[in-house]
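Hi there,

Here is the model I promised to pass on to you. Please open it in your viewer and keep it beside this email as you read.

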Amino acid sequence: MMADPHLLTILVFFPLAGCLLVLPVWKRPAAARPLALGVMTGELLLALWLYASWQGLAALKPILPGYLLVEDAPWIGAFGIRYTLGLDGISLLMVMLTAFSFCVALAVSWRAIGEKVGLFLALLLAMETGIMGVFLALDLALFYLFWEVMLIPMFFLIGIWGHGRHIYSTVKFFLFTMFGSLLMLLAIIALHLLHAQQSGVATFGLHQLIATRLPAGTQLWLFGAFFLAFAIKFPLFPLHTWLPDAHTDAPTAGSVILAGLLLKTGSYGLLRFGYPLFPQAAQTLTPLFYTLAIAGIIYASLVAFAQEDMKRLIAYSSIGHMGYVAIGIAAWQPVALSGSIIQMANHGVTTGALFAMVGMLDERAHTREIGAFGGLWGKIPLWSFFFLLFSMASVGLPGLNNFVGEFLVLSGTFTKSPLAAGLAFTGIVLTLVYTVRLVQEVVFQTERKPLPLADLDRREICLLALLALLVILMGVHPAPLLDLIHGPVKILVGGAP
Amino acid sequence: MDMITIPAVNMTPILPEIFLSVLAMALLLINVFIPSGQKSYLGYISFVGVVAAGVLVGAGWGAPVESFSGSVVQDNFATFFKIIFLLSAGLAILISDQYMEREGCNHGELYPLILFTVVGMMLMAAGTDLMTIFLGLEVMSVALYVLAGFNRANLKSNEAGLKYFLLGSFSTGFLLYGMALTYGATGTTRIAKIAAIVGQMTVPSANIMLVAGMLLMLTGFAFKVAAAPFHMWTPDVYEGAPTPMTAFMSAGPKAAGFAALLRIFLVALPTLQVEWSQLLWVLAVLTMTVGNITALRQDNIKRMLAYSSIAHAGYALVGFAAGNGTGAAGILFYMLSYTFMNIGAFAVIILIGKKGEANGTVMDFAGLGFKQPALAVAMSVFLFSLAGIPPTAGFIGKFYLFSSAVQKGYIWLAVIGVLNSAASVYYYLRVMVYMYMKEPTEDFEWTRITPPIALSLLISVAGTLIPGIVPSVILQFAEQAVKLI
């Protein structure tokens, strides 16, 4: 089988091309919607095709060990910046998640977004390009470019179609992330210059820069800057304050993408760039990382329990779930790391689904307040069934997807730090507490306000059934995904799993 | 009796300057015969003249020539800057017409004055003698004073002109005094000779006269580039001057100030670099911080961009403080990008504005995003570039400048720089928030976009985006330009 490395370029820029196609018809939703759907589906099919053929690609042994496809071309010669894209198992998983999440985002906003539809779709497509780029770039300057570019559409998405204090939230979101990423930019430049000093080669390529020998102090500073940028995206306690605001005020599609993908860029960046580039510094900061992650899990769970707005509750639960991803990375041990990566995908699917469902409810009832509902099981059984399912997945019920990730993370971490694993375990109990409260008050109990609610329509059922299928499939049979990331994880950790 | 022999003078290096001067004088004459209301034709002629001068300048790339016994030079450094000046003048001419017509002050003298300014700036960049640089600076400044106060009927414009004139002359005094002291210390005004003499001094920093001269010159130029704490004139002048002239002033003359600074400090005084680097370090931090912090609270958009222009001078000073090749090339690149993005932003401001300088606040951008999508997209591009967000020229420029500081070991300077840059995002975003996320307060009657201003917007957008995506070519030019100095 012939694999063309340009496939990666297509993967990244096909959505942008779609964006440019949508723009001319931006005033005609009837034309723009199918067009965007076509592009996003095409992108998803391409990602799935890559997945279907990954074993064949792996057998071909491309330039970089562990990578399935690598594309490389000079870009800005004066700085030694190259256009390097690389796909390995981890990025492939993220690419699939991205392509899928965008389809979900499109599906949930099919009817919910009624104004300026074309622009909305164009921004979604532009953002897809940015996020794909983040997951595929292997040149630090290129990575930074995509990292920043993906923010711009999100800024507009929340700002234009958001509700509540959306302007405040979107500006806060943008400033928080800019602040972190600019310091990372400096660290990238410093690393580049240090490498140039040592080897005489000006490069931003990840795999060349890994070879840079750095004194412990320098390494700590540079890692600190990277860590800050990624921790804000993650988001780690106490840098998380932008997230509840952004989530609450974003349109549903924005929440799906924020939770499903933007948070993952933080964890992905840490494991792809942060740890490999600065292993010693990362080792030094591990206790801090554990502490922040566990504090985040416990804090977010407690705060989630007190929320009245369903969307805000799920936003806080996101912080908690990402805490497990953080612990798995901090352990830097094959099993835990695999768990983290699987958990990234799981969280994207589960939380995306929950946000979508709250969005559907909001469309009908025009409120998201927990106190307004109750007894939905009797009124809209289908919605309630799916909501219960995804909530249980979110809690980590065995047989559903989150269980796999959390189990791997905790068992891997246990070998490294029983204390951290033990504390993180209490978090699962807390998760259970607030999720059960949510389900109990909304789905069960007695009706509190007589709201005229219609049950799911066919489009929504299809979407949720697909998500439910994934949740179960990834929970019952995670082996194919674990196989996919097995090799790259081994290379990252540098030992046999 | 001795015959006065006129040495054979090679006119090539100042051919563009001569051409523009002659054109400007001819235009002054032609002006008399053109009825008011049709003065735009003068603008078209001068635009063509600027393009022609650009061709003349461009032809000199890679062919260094020295003339007038070494007081003027045609080198890549000068050529690069001259192109920036011509671009800023060309764009300023394109956006002048509609505004001046609206404000009822489309007097024919405008265009010759712009051309004279350009001539002055070109001499500043090409001068290799303190006197030439000073003369260039004066030609530029005098024309600019008039341009700032060009809207005679407007009180604020008058104030701007007068304020600029008074403070400007004051700073020129500093500059000239500095030059005199430098002459006193070295016995020459030729930059190359100063370098040689200072190079022979055992401890140049012990020479009080030389150091005082350096400080005074720095003060004079810091005024011209609007660096804190010599920036006080900027907001008032930028706010009061006719908008196209504000755009012009923020791009061309600022670049000219940097051209002269770079040539004097890097070529004549490299042996004092330890001293002036530290000074510039402080100056850069002050300039960035004062500019950005003050800009955060501005509602008048011209004033906001005035403070932002102070901040941008600060970023350029970061590269200057680094004082290495990367820093110098970074300044060149940055000044070029800044010309496009800033004049572009001002062009949009002109289109938003109404007669009598009305509609000049950030709030007046409300709803623009959906009323005039193309214009709002252009404005967004400029604002993102000013904020230094990829993929725009502004990002590459900042990347360049901050890397020069890191390279030099000025990590903290770079850190302060990026923090400033992060803060600046807030006030640029604010405009975008109004454009896309707020409803217009009133149903505004939309001004027609005339072809010249459309052309200038097109050029500006291209000049902001293309170097952001494929910067290699321009980076190479910038690097070649600083190789000679």
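A:Pro238 sits in the loop between α10 and α11 of chain A. Keep in mind throughout that this is a predicted model. The peptide bond joining A:Phe237 to A:Pro238 is cis, with an omega of about 0°. Another backbone feature turns up at A:His366, which is not a glycine and yet has a positive phi of about 55°. You will find A:His366 in the loop that runs between α15 (334-365) and α16 (376-379) of chain A. These spots are worth a look because most residues other than glycine have a negative phi, and most peptide bonds are trans.

Next, the place where the chains meet. How many residues of chain B are in contact with chain A? The count is 33 residues of chain B, touching 33 residues of chain A. Between them the two chains bury about 3000 Å², and 88% of that is on carbon and sulfur atoms. On the chain B side, B:Phe370, B:Phe399 and B:Met437 supply 22% of the area buried against chain A, more than any other three residues.

Which elements of chain B give two or more residues to the side that touches chain A? They are α15, α16 (393-408), α17 (411-437) and α19 (472-483) of chain B. The largest share comes from α17(B), with 13 residues. By class, the side of chain B that touches chain A has 27 nonpolar, 4 polar and 2 charged residues. There are 0 salt bridges between chain B and chain A, and 2 residue pairs are in polar contact between them.

Over all chains, the salt bridge count comes to 21. One to look up is the pair A:Arg437 and A:Glu308, whose side chains meet at 3.2 Å, N to O. This pair links distant parts of the chain, 129 residues apart: A:Arg437 belongs to helix α19 (residues 418-442) of chain A, while A:Glu308 is in the loop between α13 (279-305) and α14 (310-331) of chain A.

The largest pocket holds about 1300 Å³. It is lined by 37 residues, and the closest to its centre are A:Leu16, A:Cys19, A:Ala126, A:Ile152 and B:Val381. Both chains take part in this lining: α1 (6-22), α5 (117-136), α6 (140-149) and α7 (151-161) of chain A each supply at least two residues, as do α14 (368-371), α15 (373-387) and α18 (451-469) of chain B. The helix that gives the most is α15(B), with 6 residues. What is the make-up of the lining of the largest pocket by class? It divides into 32 nonpolar and 5 polar residues, with no charged ones.

There are also 8 cavities of 30 Å³ or more in the structure. The second largest cavity contains about 70 Å³ of space. Chain A lines this cavity with A:Trp75, A:Ile76, A:Phe79, A:Ile81, A:Ala141 and A:Leu145, and chain B lines it with B:Phe395, B:Ile396, B:Phe399 and B:Gly468. At least two lining residues each come from β1 (67-76) and α6 of chain A and from α16 of chain B. Here α16(B) has the largest share, with 3 residues. The lining of the second largest cavity is made up of 9 nonpolar residues and 1 polar residue, with no charged residues.

Happy browsing, and do write back with any questions.

Best wishes

Key. Residues numbered from 1 in each chain as written. Chains lettered and ligands numbered in written order. Predicted model: local features only at pLDDT ≥ 70, side-chain atom pairs only at ≥ 80, totals over all residues. Heavy atoms only, no water. 1 Å grid on protein atoms, 1.4 Å probe; cavity = no way out; pocket = protein on both sides within 12 Å on 5 of 7 lines; lining within 4 Å. Points joined across faces, edges and corners; volume = space filled by probe spheres on them. Helix = DSSP H or I, 4+ residues; strand = E, 2+ residues; numbered from the N terminus. Nonpolar A, V, L, I, M, F, W, Y, C, P; charged D, E, K, R; others polar. Contact = heavy atoms within 4.5 Å. Buried area = accessible area lost by both parts, 1.4 Å probe. Salt bridge = Lys/Arg side-chain N within 4 Å of Asp/Glu carboxyl O. Polar contact = N/O pair within 3.5 Å; in protein donor to acceptor, adjacent residues only side chain to side chain.
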